[in-house]
Amino acid sequence: PQRFDDVAREIEARGLAYRRRSSLGYEVPPEVQVVLGDSMGEMFAYYVAADLAFIGGSLLPLGGQNLIEACAVGTPVLIGPHTFNFTAVSEDAVAAGAAIRVQDATAMLQQAAALLADDDSRRAMGMRAREYALQHRGATARTLLVQAAADAWKVPSSECVAAVSVITHEASGRSISSRRPSHAMRTHAMS
């Protein structure tokens, strides 16, 4: 929100026709080249409408944003080198073919142009993105449960992962034989 006006000035400086989302209805006039997303809680809608998503905050050492929402709607994702806020998710998405990591803005633009010119590759990547997101449904709830357990037990969250895995697997009726909590976790879970 604090950058909406700055971004609007940048768009104007480049001579692009734009409208703020807050001033639009449900249709974008044909002369509009850029829609400035200046309303809160609508990223999901932007991802649905997009052919390709670049996840911001990842070209500079800012840590990046979560890419799962874009993947969930089958939107292929580009990310920069700095995804330390979502390291595992980002690495897993790249490994699954749901995302492509680029090293700088030039590489991001080149990769975006290549994907936008290749419908088959972009669609295949979008399908992999959706499959990836489906495999990670419930991850947010599990993460919150791990943090709540860590806070309640006054231990690092890394010590709660096994216990939360057992709890969520038991609740879903799935086998838990591969992930039993440690003795320390059983002790904390009982207290």
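Throughout this tour, a residue is called buried when its relative accessible area is under 20%, exposed when that area is over 50%, and partly exposed in between, with a 1.4 Å probe and protein chains only. The model is predicted, and local features need pLDDT of at least 70, side-chain atom pairs count only at pLDDT 80 or more, and totals for chains, interfaces and linings use all residues. Residues are numbered from 1 along each chain as its sequence is written, and side-chain values use heavy atoms, with hydrogens and water left out.

**First stop: Arg21**

Select Arg21, which sits in the loop between β1 (18-20) and β2; helices (H or I, at least four residues) and strands (E, at least two) are DSSP runs, numbered from the N terminus. Arg21 counts as buried because its relative accessible area is 19%. If residues up to four places away in sequence are set aside, Arg21 touches Val35, Leu36, Gly37, Asp38, Ser39, Glu42 and Tyr46, contact meaning heavy atoms within 4.5 Å.

Move to Arg20, which at 24% relative accessibility is partly exposed. Side chains of opposite charge can pair when their charged atoms come close. A salt bridge here is a side-chain nitrogen of Lys or Arg within 4 Å of a carboxyl oxygen of Asp or Glu, and the whole structure has seven of them. One of these joins Arg20 to Asp5, with the closest N and O atoms 2.8 Å apart; this pair links distant parts of the chain, since Asp5 belongs to helix α1 and Arg20 to strand β1, 15 residues apart. Asp5 is partly exposed, with a relative accessible area of 43%.

Arg20 also forms a salt bridge with Asp38, the closest N and O atoms being 3.6 Å apart. Asp38 lies in the loop between β2 and α2 while Arg20 is in strand β1, so this pair ties together parts that are 18 residues apart in sequence. Asp38 is buried, at 11% relative accessibility. With all three residues displayed, the viewer shows Asp5, Arg20 and Asp38 linked in a network of salt bridges.

Next select Glu10 and Arg14, which form a salt bridge whose closest N and O atoms are 2.7 Å apart. Glu10 is partly exposed at 44% relative accessibility, whereas Arg14 is exposed at 58%.

**Last stop: Ala53**

Finish at Ala53 in strand β3, which is buried, with a relative accessible area of 5%. Not counting residues up to four places away in sequence, Ala53 touches Tyr47, Ala70, Thr75, Pro76, Val77 and Leu78.
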